[in-house]
Structures are given as structure tokens and as C-alpha cells.
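I opened this entry to look up the fold, the helix packing and the pockets. My notes follow in the order I checked things.

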Amino acid sequence: MNQIAVNSKQAVSSATALLAAQWIIAVVSIPSAQDYATQLEAGTAADKIVTLYDNLSLLITITLIWSWLTTNRYLLNVFDEEIKLNPGGFRLKRGWVTWGWIAPIVSFWFPKRIVDDLLTAKSKRLNQPNVVGKASATWWITWVSYVLLNDLTAFNSITGQGDRIQPSYEIAAACMLTASYMVWTKILKSLGNSPT
């Protein structure tokens with residue numbers, strides 16, 4: 001099995017772990033919000049309350065970092081292979097494969113542009129239709145929605161604005177991530193399973 005196929009499987013595994021972690025957090029947030037309210041009513045200071053949600057919330061951070069690392073390695077390998085065969089076929093330089101995900105402002109469109117360029121390059125080179133096509137827009141819109149919901153939840157928790165645990169946000173984030181995951185795994189498999 002070639003390295004790109006191995007990295008593809010690792011990227012899919014990490015995406016699956018992130019999705020599972022988000023759903024665990026979403027499910028746990030419901031009783032944790034009730035537990036938080038109960039402890040608050042009992043007179044416990046808000047900053048002293050610890051719930052199952054608080055204990056498990058690190059799962060999202062760990063799986064997000066793992067997913068970014070495996071996806072980054074995978075996309076860099078695919079980019080390197082495709083650039084050898086079509087040096088002028090990409091709108092962005094190699095460094096943006098890594099930093100496009102985390103650089104402020106451009107992170108809202110650079111990763112999608114890179115993925116679209118990779119899909120287009122591979123389908124042109126193999127003279128096959130792009131199996132993902134316009135569905136990459138669904139992936140990207142749902143991914144950005146997930147990230148924004150996740151950031152809003154973290155912001156509210158840190159600043160103490162609103163309820164610290166908001167199950168509706170966690171469930172909405174899990175739904176957005178699920179929609180994103182459905183297309184993302186198709187993208188990963190498409191880039192990894194094509195013969196070179």
C-alpha cells in the first residue's frame with residue numbers, strides 16, 4: 001500500500017474520532033447542563049462547579065489536533081505528488097496546505113481552494129470525472145459552521161456569557177460536523193484511492 005493510501009486511512013480515522021468526540025460531548029452536555037443548574041441552585045459557586053461535560057471537553061481539542069495533523073500530512077503528500085505532474089495547476093503554494101487551516105481570515109477559504117485544486121488536478125490527470133464536484137461546497141459550509149459553533153461555545157464558556165453549557169449549540173455543532181464528515185470522507189477517499 002502506498003504512503004498516500006495509508007495517510008488517507010489515517011485522515012479518515014482521525015475525522016471519525018473527531019465526529020465521535022463531538023457527539024459524545026453533545027450527548028453529555030444535556031445531563032451536564034442540568035447538573036450545573038442543580039449545583040448552582042444548591043449554592044455552589046459557578047467557578048467551582050465541575051461536570052462530566054467539563055471533564056470530557058478536552059476530547060474535542062485532542063481529536064481536532066490529531067485530525068489537523070493527519071489531514072495536513074495527507075494533503076501535503078497528495079499536493080507533492082500532483083505538483084510533480086502539473087506544476088502550474090495550483091492557485092496556492094505548498095505552505096498554504098498547512099497554514100491555510102489556521103491563518104486568520106484566509107482560513108475561511110484557502111483550505112477549500114486547496115482541496116478543490118487537488119480534486120481537479122487528480123481528475124484531469126486521470127481523465128475521470130471529479131466524483132466530489134460541487135459537494136465540496138457542502139463540506140466547506142458545514143465545516144465552517146461547525147468551527148464557528150465550537151468557537152461560540154468556547155467563548156461563552158470562557159467569558160461566562162450565557163449558560164456555560166449549552167446543549168443546543170453542542171447538538172447543532174454535532175449535526176454540522178456530521179454533514180461535513182459525509183462529504184469529507186468522500187474527498188479523502190477520492191484523493192487517496194485513485195491510481196497514480
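**Fold.** I counted seven helices and zero strands in the protein chain. The model is a predicted one, so I kept in mind that local features need pLDDT of at least 70. I then looked up the extent of the chain. Its C-alpha atoms fill a box of roughly 65 × 30 × 25 Å along the principal axes.

**α1 against α3.** I looked up this pair next. I found α1 and α3 packed at about 155°, their axes 8 Å apart. Angles over 145 degrees count as roughly antiparallel, and that makes α1 roughly antiparallel to α3. I noted a left-handed crossing for α1 and α3. I also sorted the residues of this contact by class: 14 nonpolar, 12 polar and two charged.

**α3 against α5.** How do the axes of α3 and α5 cross? I have helix α3 at residues 58-85 and helix α5 at residues 110-126. Their axes come within 10 Å and cross at roughly 45°. That makes α3 oblique to α5. The crossing of α3 and α5 is left-handed.

I then listed who meets whom. From α3 I wrote down Leu75, Val78, Phe79, Glu82 and Leu85. Facing them in α5 I have Val115, Leu118, Ala121, Lys122 and Arg125. The residues of this contact divide into seven nonpolar, no polar and three charged.

**α5 against α6.** I stayed with α5 and turned to its contact with α6. The axes of α5 and α6 come within 10 Å and cross at roughly 155°. The two helices are therefore roughly antiparallel to each other. I noted a right-handed crossing for α5 and α6.

Which residues of α5 and α6 meet? In α5 they are Pro111, Lys112, Val115 and Asp116. In α6 they are Ser136, Ala137, Trp139 and Trp140. By class, I have five nonpolar, one polar and two charged residues in the contact of α5 with α6.

**Largest pocket.** How much space lies in the largest pocket? I noted about 990 Å³. The largest pocket is lined by 40 residues, and the closest to its centre are Leu64, Trp143, Tyr146, Val147 and Asn150.

I asked which helices supply the lining. I found that α1 (3-41), α2 (52-56), α3, α6 (135-159) and α7 (167-193) each supply at least two residues. Which of the helices gives the largest share of the lining? I have α6 for that, with 13 residues. By class, the lining of the largest pocket has 26 nonpolar, 11 polar and three charged residues.

**Recap.** I have α3 in two entries on packing, with α1 and with α5. I also have α3 among the helices that line the largest pocket.

Methods:
Residues numbered from 1 in each chain as written. Predicted model: local features only at pLDDT ≥ 70, side-chain atom pairs only at ≥ 80, totals over all residues. Heavy atoms only, no water. Axes fitted to C-alpha atoms, helices over the stretch in contact; angles between N-to-C directions. Helix = DSSP H or I, 4+ residues; strand = E, 2+ residues; numbered from the N terminus. Parallel < 35°, antiparallel > 145°, perpendicular 65-115°, else oblique. Left-handed = near helix turned anticlockwise from the far one by under 90°. Contact = heavy atoms within 4.5 Å. Nonpolar A, V, L, I, M, F, W, Y, C, P; charged D, E, K, R; others polar. 1 Å grid on protein atoms, 1.4 Å probe; cavity = no way out; pocket = protein on both sides within 12 Å on 5 of 7 lines; lining within 4 Å. Points joined across faces, edges and corners; volume = space filled by probe spheres on them.
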